[in-house]
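Open the model in your viewer and keep the selection panel at hand. The tour goes stop by stop.

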Number of protein chains: 6
Amino acid sequence: MPGSFDPFTLGHWDIVTRAARLFSEVIIAVGANDAKQCHFPIQTRLAMAQACAQSLDNVQVAIMSGLLVDFCRDHDAMVAVRGARSGSDFEAESAMALMNADLGAIETVILPASSAVGFISSTLVRSILRAGGDAYGYVPEPVAQMMQKEL
Amino acid sequence: MPGSFDPFTLGHWDIVTRAARLFSEVIIAVGANDAKQCHFPIQTRLAMAQACAQSLDNVQVAIMSGLLVDFCRDHDAMVAVRGARSGSDFEAESAMALMNADLGAIETVILPASSAVGFISSTLVRSILRAGGDAYGYVPEPVAQMMQKEL
Amino acid sequence: MPGSFDPFTLGHWDIVTRAARLFSEVIIAVGANDAKQCHFPIQTRLAMAQACAQSLDNVQVAIMSGLLVDFCRDHDAMVAVRGARSGSDFEAESAMALMNADLGAIETVILPASSAVGFISSTLVRSILRAGGDAYGYVPEPVAQMMQKEL
Amino acid sequence: MPGSFDPFTLGHWDIVTRAARLFSEVIIAVGANDAKQCHFPIQTRLAMAQACAQSLDNVQVAIMSGLLVDFCRDHDAMVAVRGARSGSDFEAESAMALMNADLGAIETVILPASSAVGFISSTLVRSILRAGGDAYGYVPEPVAQMMQKEL
Amino acid sequence: MPGSFDPFTLGHWDIVTRAARLFSEVIIAVGANDAKQCHFPIQTRLAMAQACAQSLDNVQVAIMSGLLVDFCRDHDAMVAVRGARSGSDFEAESAMALMNADLGAIETVILPASSAVGFISSTLVRSILRAGGDAYGYVPEPVAQMMQKEL
Amino acid sequence: MPGSFDPFTLGHWDIVTRAARLFSEVIIAVGANDAKQCHFPIQTRLAMAQACAQSLDNVQVAIMSGLLVDFCRDHDAMVAVRGARSGSDFEAESAMALMNADLGAIETVILPASSAVGFISSTLVRSILRAGGDAYGYVPEPVAQMMQKEL
């Protein structure tokens, strides 16, 4: 399950818990490539994902610093799991899925976001933070605590 | 993997072969509900799917005459697999997925259509047939043979 | 608030209650034009909407047998209220809105469907009914009772 | 320029006049396949397109009773021209374009609908007619006259 | 009516004039949060909106430096008004609407852009300015004058 | 055929070869306006397009430093050619097309991306490069060589 998780939201949590029921093992791959464009540094994003994953037995967290297909080969993973909230979300996911199928025979499974978290995205959470607001309701408890400490 | 398969296309074949690699067992559930609006009768649609599934060890075919959630309970299935070709395709799939999650805790996994078959749909195949054309290039070999016999 | 309400769902109820807070008076306009393509006859659809509207002081129900712009002129209404669940939903609503603005200077206000009912549509409810299922969870209580009686 | 033109609208007129400036010769191909699902019979749809095309020197009209690729071969045409009004419109056009490229090496050129006619579609015109309304503002003058006669 | 108005366009003007007919009082809330990513500084964007709003009796302009829900509470506003031009536009608006409904019980009303201004966006206006072009046709008269002065 | 070509991909190549069959002369207009936001400098992007265009007799390459409508007037061009891969792609293209029709009577022709290259975009190529990957399979041979040299 690749992503930048900037930050890890309840939307990601929805997908990771569902993926953990579908697959024997799930790895949250926190992307390090676009680091400088991220709101939270890679170490914080990693720690957030780790804090959330702790409660799920078959979920691990790792930093992904290169291509997804290389990450998958190194970790013996064959399937990428992604969530999608809308038609244009899906279009972007679909293009990446076709590229990863082409680059390294990686299959991509898309889970439609659950009703209750369908509007939550890292982008919206960051826009709340930039406006000085409280986004604790849109992130898992451990992430909320880490955000509070940072302030 | 529910659908009306009216008829079974290379697009369905793309999804079923990929699903057969992802899951230990796959059931193609041929919908009988909207039968009268279908171009091919339920028995033909069933036979088409069966002819295709024969070559895949872990794929079965069954008629689904009620709700998907009831079919899943009766067949001990927990995941619905569906393909999507476009943003508006995904929106329709997403609504059905949320309904099935609500009706019976069924998870839905969406696979983006592969490049080569991304434009193939049962609707387009039927429009070719109605125009008196040859749609054999868009359906698996066994379906092409069954179509030819029908003429 | 025009529609065919075939049948009236919790999605419609979401929109009508929100519209009743926005505007001093709301009229549910049950469309009679496409009657023969509807699952429920116009009198049933009217009765369903009326049963739901009863609990809202500023909401009335009426049959609309011609154009929306004529209905609006006859009822001194200036604004059409519609819900939208997705991008392609909005595109269809937008085209109708522009037409009604052109035909009769009618303004159209679009309310995005609430999270909990975002997947509910009359189409999905009818597909449940056709499959012999129980759609009571997706319609207001009075509509569920009327559906049960009909069986 | 293939279509069912049921009826020919100002949206079609927008595309045909622009196509007539782009290409040396344009043929309006009125589809006869889905005839029974059409509001207007094929002869009326043909006559409507002919009445409109009269004023354009390099535009002809013909009935298309089979596949577009066969029509193109018979008429020495290499390019299909279609209009699109929205994202989901484009998705449908794109799938057909890929199919026609595959079936007979036909190129498809898509023109985005002009601002003033972006909401006009045959579907909306028919919904106005069914509601007993006056759709004359959304069709070319000759089509309006033919509609009036029919009443 | 929240936005960054970078700059205020005829598209915004379309929405604000229609909102002014729908509601007894309209406040244009010029967002100060993403200030550094904006082409025009907050004071210019405020002045542009004020210059336009002058001619409308029931429209005021204010700077919004925090969350929309806080702004609404401080100004006794209960409804956010936004325009949408396309399906993907609507998807973004819908997610924000659901968030604001959740954060502070704010209702969001979406008006589909009018035909004549449906392609105008601040993004397109800025791309014209960056290319050294004249975007005066896409902004209200007072904004055009302020742009000219700035050069 | 305007674009930033950052870098020139097989998706662009698909469109330019098809445009070269449709029109007597095609000019690839490499945009210089958003230069500083580009991964490759304008001279490299120009050289890439030129290296690809060499093999096509009726295709030229030029830098576009102002508005497309001014470029078209200066080069006696009347039609802009653009590719689109998805519904949201089309929506963005459509808005630009309407603007260019309004600014300078420029017609825009949209070609749907071919199946095999439908997922390729400059954005995806850059994301591969940023991840340290090999994107040579998604760009024409001459561009691949220029990329390799740059490393």
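Where is the place of Pro7(C) in chain C? Select Pro7(C): the residue sits in the loop between β1 (2–3) and α1 (10–22) of chain C. Bear in mind that this is a predicted model.

**Stop 1: cis peptide bonds**

The peptide bond joining Asp6(C) and Pro7(C) is cis, with omega about 5 degrees. Now jump to chain F. There, Asp6(F) and Pro7(F) are also linked by a cis peptide bond, and omega is near 5 degrees. Pro7(F) lies in the loop between β1 (2–3) and α1 (10–22) of chain F.

**Stop 2: a positive phi**

Select Asp76(B). Its phi is near 55 degrees, a positive value in a residue other than glycine.

**Stop 3: the interface of chains A and B**

Show chain A and chain B together. How many residues of each chain are in contact? The count is 22 residues of chain A with 22 residues of chain B. About 1600 Å² is buried between chain A and chain B, and carbon and sulfur atoms give 69% of that area. Highlight Phe90(A), Glu107(A) and Pro112(A). These three supply 34% of the area that chain A buries against chain B, more than any other three residues.

**Stop 4: charged pairs across the interface**

Side chains of opposite charge can pair when their charged atoms come close. Between chain A and chain B, the rule finds two salt bridges. Zoom in on Arg18(B) and Glu107(A). They form a salt bridge, with the closest N and O atoms 2.8 Å apart. Next, pick Glu107(B) and Arg18(A). Their side chains meet in a salt bridge too, at 2.8 Å from N to O. This pair runs between chains, from strand β5 (residues 107–112) of chain B to helix α1 of chain A. Over all chains, the count comes to 42 salt bridges.

Three residue pairs, both at pLDDT 80 or more, are in polar contact between chain A and chain B. Then colour the side of chain A that touches chain B by element. α1 (10–22), β4 (79–84), α4 (87–104) and β5 (107–112) of chain A each supply at least two of its residues. Colour that side by residue class instead: 12 residues are nonpolar, six polar and four charged.

**Stop 5: the axis**

Two copies of a chain are related by a rotation about an axis and a shift along it.

**Stop 6: two helices inside chain A**

On the α2(A) side, select Thr44(A), Ala47(A), Met48(A), Ala51(A) and Cys52(A). On the α6(A) side, they meet Pro142(A), Val143(A), Met146(A), Met147(A) and Glu150(A). The residues of this contact divide into eight nonpolar, one polar and one charged.

Conventions
Residues numbered from 1 in each chain as written. Chains lettered and ligands numbered in written order. Predicted model: local features only at pLDDT ≥ 70, side-chain atom pairs only at ≥ 80, totals over all residues. Heavy atoms only, no water. Contact = heavy atoms within 4.5 Å. Buried area = accessible area lost by both parts, 1.4 Å probe. Salt bridge = Lys/Arg side-chain N within 4 Å of Asp/Glu carboxyl O. Polar contact = N/O pair within 3.5 Å; in protein donor to acceptor, adjacent residues only side chain to side chain. Helix = DSSP H or I, 4+ residues; strand = E, 2+ residues; numbered from the N terminus. Nonpolar A, V, L, I, M, F, W, Y, C, P; charged D, E, K, R; others polar.
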